[in-house]
Amino acid sequence: MPLTINNLNHRIHDGHTERWLLTRVSLNITPGECVALTGDSGSGKTTLLNLIAGLEPVQQGEIYVGGQGLQHAKDKTLSLLRKQTLAMIFQHYNLLSSLNVMDNISFSARLAGRYDEEHSLSLAKNLGIDHLLDHYPDTLSGGEMQRVAIARALGPRPKLLLADEPTGNLDNSNSDKVIAQLLSLAKSHHSALLMVTHSSSVAEKMDKIYRLKDGLLSQQSGGG
Ligand SMILES: Nc1ncnc2c1ncn2[C@@H]1O[C@H](COP(=O)(O)OP(=O)(O)OP(=O)(O)O)[C@@H](O)[C@H]1O
Ligand SMILES: [Mg+2]
């Protein structure tokens with residue numbers, strides 16, 4: 001299973017007081033499943049992705065990514081997991097400005113020791129950025145940068161792809177195009193996808209929709 005969360009509780013410091021941000025959160029994502037994560041600003045969506053990526057320590061409960069438990073995992077295990085098993089796509093692309101598009105796309109796969117030129121080129125082609133391979137990020141449009149970030153994330157063939165509002169900076173028509181490409185690539189790679197989105201039209205394209213509210217995660221009708 002790419003992702004299993006059992007009874008996760010997460011407490012944060014809010015000024016002088018402590019409060020529970022996440023309570024009894026449980027979630028299963030099966031291979032190739034595409035799941036939307038919605039919820040008001042401040043409801044804890046990014047925090048939940050950071051916990052799944054091993055960027056914040058698990059306080060109570062269990063998270064398994066590709067069968068590996070994150071609770072009590074050592075830093076080395078977590079960094080290996082980030083290289084080999086999961087990938088993240090951020091709202092602000094996080095492209096490497098000193099590398100051209102081809103090297104940006106290849107970066108994660110090389111880091112994972114799984115670079116395959118043919119695979120990188122086929123991702124670029126599928127995302128319609130193969131004419132930009134020798135361009136540098138500062139010459140690209142927002143939609144182009146986001147497609148480079150998607151190609152880079154899929155390069156190492158991750159079991160689980162985490163995306164935090166990946167089209168937050170794009171207009172609706174570009175956003176729909178990029179999401180459609182992301183979904184079809186995730187499906188064809190059997191990569192599970194957990195994507196934060198504020199857009200209901202984006203959420204409706206996913207297999208399942210979950211909502212975070214008052215610390216609780218619940219499945220919504222719709223999606224699929
Ligand atoms: N390490 C931390 N220490 C203290 N407070 C934190 C920490 N991380 C997050 N928070 C708080 O937790 C709440 C949830 O933040 P988070 O970024 O997860 O929300 P979000 O659902 O992603 O919101 P948005 O939709 O605006 O991105 C916020 O009130 C934030 O200030
Ligand atoms: Mg957020």
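This report describes the strands, helices, nonpolar cores, surface features and salt bridges of a predicted model.

## The four-stranded sheet

Four strands form an open sheet in the order β2-β1-β4-β5, and their pairing is antiparallel. The edges are taken by β2 (17–29) and β5 (68–69); each has a single partner strand, so one side of each is left without a neighbour in the sheet.

Within this sheet, strand β1 (residues 3–14) pairs with strand β4 (residues 60–65) in the antiparallel sense, over 5 bridges. Ile-5 has Ile-63 of β4 standing opposite.

## The β9–β10 hairpin

Strand β9 (residues 208–213) and strand β10 (residues 216–220) run antiparallel and are joined by 5 bridges. Arg-211 has Ser-218, in β10, as its bridge partner. The hairpin of β9 and β10 has 2 residues between the strands, and in this hairpin Asp-214 takes a positive phi near 50°.

## Helix α1

Helix α1 (residues 45–52) is largely enclosed by the rest of the structure, because 7 of its 8 residues are buried. The buried residues in α1 are Lys-45, Thr-47, Leu-48, Leu-49, Asn-50, Leu-51 and Ile-52.

## Nonpolar cores

The largest nonpolar core holds 38 residues, of which Ile-89, Ile-105, Ile-129, Leu-161, Leu-193 and Met-195 touch the most other members. Helix α5 (residues 142–154) gives the most to this core, contributing 7 residues. A second, separate core has 32 residues, including Val-58, Leu-70, Ala-73 and Leu-160.

What surrounds Ile-105, leaving aside its neighbours within four places in sequence? Ile-105 is in contact with Ser-120, Ala-124, Ile-129, Leu-133, Val-148, Ala-151 and Arg-152, when neighbours within four places in sequence are left aside.

## Gln-146 in helix α5

Gln-146 lies in helix α5. The relative accessible area of Gln-146 is 0%, and this residue is therefore buried, a class that requires a value under 20%. Beyond its neighbours within four places in sequence, Gln-146 is in contact with Ile-89, Phe-90, Gln-91, Tyr-93, Pro-166, Leu-170 and Val-178. One of these contacts, Ile-89, is also listed among the residues that touch the most other members of the largest nonpolar core.

Leu-96, Phe-107 and Leu-111 make a nonpolar surface patch of about 240 Å². Phe-107 is located in helix α3 (residues 101–111). The relative accessibility of Phe-107 is 35%, so this residue counts as partly exposed.

Asn-126 belongs to helix α4 (residues 117–126). With 47% relative accessibility, Asn-126 counts as partly exposed. Apart from its neighbours within four places in sequence, Asn-126 is in contact with Gln-181 and Leu-185. Asn-126 and Thr-139 are separated by 13 residues in sequence and by 20 Å in space, C-alpha to C-alpha.

## Salt bridges

The whole structure contains 7 salt bridges. One of them joins the side chains of Arg-19 and Asp-14, at 2.5 Å from N to O. Arg-19 is partly exposed at 36% relative accessibility, and Asp-14 is also partly exposed, with a relative accessible area of 36%.

Another salt bridge is formed by the side chains of Lys-208 and Glu-33, at 2.9 Å from N to O. This pair links distant parts of the chain, with Lys-208 in strand β9 and Glu-33 in the loop between β2 and β3 (34–39), 175 residues apart. Lys-208 is partly exposed, with a relative accessible area of 25%, whereas Glu-33 is buried, with a relative accessible area of 9%. In a further salt bridge, the side chains of Lys-205 and Asp-176 meet at 3.7 Å, N to O. Here too distant parts of the chain are linked: Lys-205 is in the loop between α7 (200–203) and β9, and Asp-176 is in helix α6 (residues 172–188), 29 residues apart. Lys-205 is partly exposed, with a relative accessible area of 37%, and Asp-176 counts as partly exposed at 31% relative accessibility.

Conventions: Residues numbered from 1 in each chain as written. Chains lettered and ligands numbered in written order. Predicted model: local features only at pLDDT ≥ 70, side-chain atom pairs only at ≥ 80, totals over all residues. Heavy atoms only, no water. Core = buried A, V, L, I, M, F, W, Y, C linked by side-chain atoms within 4.5 Å. Buried < 20%, exposed > 50% of the residue type's maximum accessible area, 1.4 Å probe, protein only. Contact = heavy atoms within 4.5 Å. Pairing = 2+ DSSP bridges. Patch = residues over 30% accessible without salt bridge, like charges linked within 9 Å, V, L, I, M, F, W, Y side chains within 5 Å. Areas by Shrake-Rupley, 256 points an atom, 1.4 Å probe, with all protein chains shown as cover. Salt bridge = Lys/Arg side-chain N within 4 Å of Asp/Glu carboxyl O.
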